[in-house]
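Colleague: I'm new to this one and would like to learn how to read it. Could you walk me through it?

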Amino acid sequence: MNHYETVFILNPVLSEPQIKETVKKYEDFLVSKGAKMIAKEDWGLKKLAYPIQNKKSGFYHLFEYTVPGEVIDSLEVEFRRDERFMRYLTVKLDKHAVAWAERRRKRDQQKA
């Protein structure tokens, strides 16, 4: 089981229920493939550094999870097929990145 972090940007024209449904769909997809969800973050609507598909903003979300490596390919194929996704990035975390992510989560919880 490897530790991964996926950040994705959803189309800004989606309604709140559509966004929640999309996030839930892919969370369920990962769990069905044996993933253990560690953290889920909604970063909200953010302005993009450059236009993507003629859009200047997008809804950012982050998943942190552990899963066998072969599941990542099928997840990214699903992302490519879904037109609600503008961009995505999946990163395998090493032990230092995992420790940093834990510190960041604790810091964010203290702020809230």
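Modeller: Let's start with a term: two residues are in contact when heavy atoms of theirs lie within 4.5 Å. One caution is that this is a predicted model, where local features need pLDDT of at least 70 and side-chain atom pairs count only at pLDDT 80 or more, while totals for chains, interfaces and linings use all residues. Residues are numbered from 1 along each chain as its sequence is written, and side-chain values use heavy atoms, with hydrogens and water left out.

Colleague: Okay, which residues is His-61 in contact with, leaving aside its neighbours within four places in sequence?

Modeller: Thr-6, Val-7, Phe-8, Leu-10, Ile-19, Val-23, Glu-41 and Asp-42. His-61 itself sits in strand β3, residues 55–67. Strands (E, at least two residues) and helices (H or I, at least four) are DSSP runs, numbered from the N terminus.

Colleague: Is His-61 buried or exposed?

Modeller: We call a residue buried under 20% relative accessible area, exposed over 50%, and partly exposed in between, using a 1.4 Å probe and protein chains only. His-61 has 5% relative accessibility, so it counts as buried.

Colleague: Let's zoom out. How many helices and strands does the protein have?

Modeller: There are three helices and four strands, and from the N terminus on they run β-α-β-β-α-β-α. The radius of gyration is 14 Å, close to the 13 Å that the globule rule gives for 112 residues, so the protein is as compact as a globular protein of that length. That radius is taken over C-alpha atoms, and the rule is 2.2 Å times the number of residues to the power 0.38. Of the 112 residues, 42% are buried.

Colleague: And how do I read a helix? What about α3?

Modeller: Check its span against the expected one, which is 1.5 Å times one less than its number of residues. Helix α3 (residues 95–111) has 17 residues and reaches 25 Å from first C-alpha to last, close to the 24 Å expected.

Colleague: Which residues of α3 are buried?

Modeller: Val-98, Ala-101, Arg-104 and Arg-105.

Colleague: How do aromatic pairs work?

Modeller: Rings of Phe, Tyr and Trp (its six-membered ring) pair if their centres lie within 6.5 Å; planes under 30 degrees apart are stacked, over 60 edge-to-face, and the rest tilted. The whole structure has nine such pairs. One of them is Tyr-26 with Phe-79, a tilted pair at 5.1 Å centre to centre and 55 degrees between the planes. Tyr-26 lies in helix α1 (residues 16–32) and Phe-79 in helix α2 (residues 70–81), so the pair ties together parts that are 53 residues apart in sequence. Tyr-26 is buried, with a relative accessible area of 2%, and Phe-79 is buried at 2% too.

Colleague: Last one: what should I know about phi?

Modeller: Most residues other than glycine have a negative phi. Gln-53, in the loop between β2 (36–52) and β3, has a positive one near 55 degrees. Asn-54 lies in the loop between β2 and β3, with phi near 60 degrees. Gln-53 is partly exposed at 45% relative accessible area, whereas Asn-54 is exposed at 78%.
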